[in-house]
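Have the viewer open as you read.

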Amino acid sequence: MASVAYPVDERSVKALGLPSALHEWVITVDHKRLGIMYMIMTLVFFMIAGSLAVAMRAQLSIPNNTLIPPEVFNRLFTVHGTTMVFFVGMPFFAALANYLVPLMIGARDMAFPRLNAFGFWITLFGAILLYSSYIAGEGLAGHGTAPDVGWFAYAPLTERAFSRGTSTDYWILAIVLSGIGSTITAINVFATAICLRTKGMTLAKMPLFVWMMCVVSFQILVALPALTAGQVMLLMDRYLGAHFFDTQAGGDAVLWQHFFWFFGHPEVYILIIPGFACISEIVPVFSRKPMFGRIAMIGATVAIGFISLSVWAHHMFAVGMSSQANTFFAASTMLIGVPTGIKIFNWLGTMWGGHIRFDTPMLFCIGFLFQFLIAGLTGIMLGVAPLDWQLTDSYFVVAHFHYTLMGGTLFALFGGVYYWFPKATGRMLSETLGKWHFWLLVLGFHLTFDPQHFAGMLGMPRRIYTYAAGRGWEGYNLVSSVGAATQGIAILIFAINVILSLRRGRVAGNDPWDAWSLEWATTSPPAEYNFETLPEVRSTRPLWDLKHPEDPDWKFE
Amino acid sequence: MPEAAAIALPPIEETTLPDRGKVGLLCLILTEVALFSIFVVAYIFYIGKSLNGPYPKDVLTLPIFATICLLSSSATVEMAIRSLRKHQAGAFKLWLGLTILLGAVFLQQTASEWHKLITQDHLTIATNLFGTTYYALVGLHASHVVIGLTLLTLVFLIALRGFNLAGPQERRVELLSWYWHFVDIVWVVVFTVVYVVGR
């Protein structure tokens with residue numbers, strides 16, 4: 001199957017100039033354009049929040065540093081965390097799901113296209129609202145105060161008595177808006193996958209990617225309302241004089257933590273499962289083998305979807321729960337390691353004995369596997385309640401969750417971008433720059449986060465803006481800061497790669513990776529109607545059947 | 001590509017796919033159930049923890065009439081859907097109008113209950129934990145009734161203008177009736193928690 005060169009989208013050439021092109025993007029309800037806009041939003045806010053992180057690392061590089069004052073540092077880590085979770089991680093899910101789910105199941109668009117557009121714009125508005133607090137927010141320090149309460153904003157410290165002004169309200173409202181957008185995406189993805197599959201695509205033949213996106217949608221629908229409800233209660237406390245989290249009126253100081261983490265822990269899986277979805281598409285194609293243990297993979301994902309709803313209080317071992325509660329949540333945390341382990345073994349089983357191609361998407365997947373495994377192991381350490389009492393709120397925790405979200409989600413994100421960029425734009429990303437990007441990012445990532453484990457075990461608490469010399473933390477912090485700068489360079493290379501490849505990249509053709517799922521059966525970029533003719537689906541790899549009629553998959557499934 | 005070696009293709013497996021509106025609405029209901037659950041948990045968690053009065057047993061009376069109105073509106077909206085299916089435009093408008101009336105009476109009952117609580121018993125959202133959780137939970141439900149009533153009224157006005165809602169549009173009205181049933185079922189939970197368990 002030689003791929004046919006396909007001209008780059010001609011609409012952009014014929015456009016009547018910038019205003020009308022912009023107008024087209026603003027009014028669009030096309031799932032592909034919305035997916036691309038979500039992806040641009042993801043990458044832009046990733047770079048913004050990433051620069052906040054680099055600023056924090058600069059402050060922490062040497063002891064007793066005075067580069068950034070403490071009140072500014074508090075805003076930095078709050079906005080960094082909030083952005084990365086709600087305006088990078090969530091739009092990343094929405095970007096992938098919007099662009100790929102309809103293409104993979106052979107649909108014309110999402111189930112509710114107009115609702116979809118509304119979801120994007122309200123998410124973007126939430127992000128802008130959060131950042132506008134840097135100009136308009138008010139706090140103890142006066143005008144221009146961004147939220148400084150941390151990304152999980154424990155009440156009662158966010159009550160009016162302790163968080164004066166409006167900066168906390170910017171945080172609350174930005175996240176409520178983002179929640180509306182995520183809920184809309186979840187409803188849309190679920191309805192699309194259930195109701196709009198092409199002929200022959202039974203649920204058993206649906207791509208793993210789509211299965212996983214459905215599980216994420218389910219988690220969003222069940223877990224996100226806990227956060228929204230908590231935010232509404234907090235707003236009532238702050239503006240109507242209610243007492244949900246007001247300890248002086250008999251309110252409970254731990255209730256917010258329960259509501260927040262009932263959302264917060266499933267959220268971790270909401271952020272990582274889209275990564276799993278990318279890995280599950282990329283690893284088989286670059287190992288030239290069908291997915292190993294496909295059914296077990298679906299089962300493991302669904303199991304994670306349910307078990308993740310019962311582990312939330314392992315974030316709260318240190319607040320003084322009963323020992324029964326501690327035991328339960330430690331046990332459920334161990335339990336969720338089982339389906340996650342099944343997944344890792346299935347990806348390895350897929351690679352085992354395959355003709356592995358080490359293109360950039362696959363490199364990112366392999367990086368993901370190593371790093372996510374370590375993240376899982378430190379996660380099990382933290383799930384042991386007594387050890388957590390020692391390590392809680394230390395840099396060990398910071399290192400652990402950056403290993404999952406950066407070493408895991410972000411590496412999978414880049415793998416996905418390198419894999420599907422040709423489909424979305426018609427051009428390949430440069431492999432040379434891609435390899436520079438990958439290796440520098442791996443180097444920077446490990447320089448940044450490996451030492452933080454040790455700093456944490458030596459007692460360095462998270463969220464401190466500086467530290468005294470002579471505690472044995474200096475070396476670890478310096479290396480960590482050098483690593484952050486290295487990561488910054490890697491990300492710049494990625495940005496350059498995207499810009500250069502958009503203009504001069506090799507023309508991709510319809511199916512540059514010789515892949516097997518339906519999105520590669522149409523042109524790159526796909527026309528507005530997606531498919532002129534749809535391949536018939538008789539197995540989990542419809543394009544394999546088409547390319548190899550002498551040895552089709554459906555004979556063996 | 002060795003076409004000659006190709007094997008006769010098996011027939012494509014038939015799939016019957018559900019209606020996207022129904023799946024979408026069920027997803028919405030799922031997420032709403034989760035939202036209400038959190039408020040219900042907060043209510044139950046704070047039962048008996050108010051530091052000062054008024055307490056539920058002093059001020060709350062069972063809203064029997066309002067409950068009868070709201071629950072029977074589920075039956076009337078179902079009757080409306082059935083007449084729509086049988087293309088009985090007059091009966092549809094009648095049942096739909098009755099549904100809206102019953103919903104409005106329920107809201108009026110809630111309003112007068114709140115009026116009594118605020119003016120006579122001096123219970124506001126800021127008085128104590130009972131007030132906080134009571135107004136939040138009952139208010140959340142009432143706001144859902146308002147949304148449902150608004151949509152039902154919209155459909156009613158469209159029907160009054162002589163627009164034929166039978167046929168392809170029927171599905172949408174039916175989805176709205178699902179939402180209305182959901183609002184009614186939530187009231188059973190709220191009623192049990194607030195007026196039976198919490199008292």
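## The interface

Let's begin where the two chains meet: 49 residues of chain A are in contact with 41 residues of chain B. This is a predicted model, and the predictor gives the complex an ipTM of 0.93 alongside a pTM of 0.94.

How much area is buried between chain A and chain B? The value is about 3,600 Å², and carbon and sulfur atoms give 76% of that area.

## Confidence along the chains

Chain A has an average pLDDT of 93, with 97% of its residues scoring at least 70. Which elements of chain A mark the two ends of the range? Helix α1 of chain A, residues 11–14, has the lowest mean pLDDT at 52, while helix α14 of chain A, residues 431–457, has the highest at 97.

Within chain B, the lowest mean confidence belongs to α2(B), at 93, and the highest to α1(B), at 97.

## Enclosed space

Now for the empty space inside. Rolling a probe the size of a water molecule over the atoms shows where such space is left. In this model the count comes to two cavities of 30 Å³ or more.

The largest cavity holds about 40 Å³ of space. Its lining is made up of Tyr38(A), Met90(A), Pro91(A), Ala94(A), Thr123(A), Gly181(A), Ser182(A) and Thr185(A). Helices α4 (70–105) and α6 (167–195) of chain A each supply at least two of the lining residues. By class, the lining of the largest cavity has four nonpolar and four polar residues, with no charged ones.

The second largest cavity holds about 30 Å³. Around this second cavity you will find Tyr418(A), Pro422(A), Met428(A), Leu429(A), Glu431(A) and Trp513(A). Five residues of this lining are nonpolar, none is polar and one is charged.

## Salt bridges

Over all chains, the structure holds 15 salt bridges. One of them joins the side chains of Asp169(A) and Arg238(A), at 2.7 Å from N to O. This pair links distant parts of the chain: Asp169(A) sits in helix α6 of chain A and Arg238(A) in helix α7 of chain A (residues 208–240), with the partners 69 residues apart.

## Backbone details worth a look

For background, most peptide bonds are trans, and most residues other than glycine have a negative phi. Pro525(A) lies in the loop between α15 (474–504) and α16 (542–547) of chain A.

The loop between α15 and α16 of chain A also contains Asp514(A). What is the phi of Asp514(A)? It is near 55 degrees, a positive value in a residue other than glycine.

Chain B has a cis bond too: the peptide bond from Gly53(B) to Pro54(B) is cis, and its omega is near -5 degrees. Pro54(B) belongs to the loop between α1 (20–45) and α2 (56–59) of chain B.

Definitions and conventions:
Residues are numbered from 1 along each chain as its sequence is written. Chains are lettered from A and ligands numbered from 1 in the order in which they are written. This is a predicted model: local features need pLDDT of at least 70, side-chain atom pairs count only at pLDDT 80 or more; totals for chains, interfaces and linings use all residues. Side-chain values use heavy atoms; hydrogens and water are left out. pLDDT is the predictor's confidence in each residue, from 0 to 100. Helices (H or I, at least four residues) and strands (E, at least two) are DSSP runs, numbered from the N terminus. On a 1 Å grid over the protein atoms alone, a cavity is a set of points where a 1.4 Å probe fits but cannot get out, and a pocket is an open set with protein on both sides within 12 Å along at least five of seven lines; lining residues have an atom within 4 Å of a point. Grid points are joined across faces, edges and corners, and a volume is the space filled by probe spheres set on the points. Ala, Val, Leu, Ile, Met, Phe, Trp, Tyr, Cys and Pro count as nonpolar, Asp, Glu, Lys and Arg as charged, and the others, Gly among them, as polar. Contact means heavy atoms within 4.5 Å. Buried area is the accessible area (1.4 Å probe) that two parts lose on being put together, summed over both. A salt bridge is a side-chain nitrogen of Lys or Arg within 4 Å of a carboxyl oxygen of Asp or Glu.
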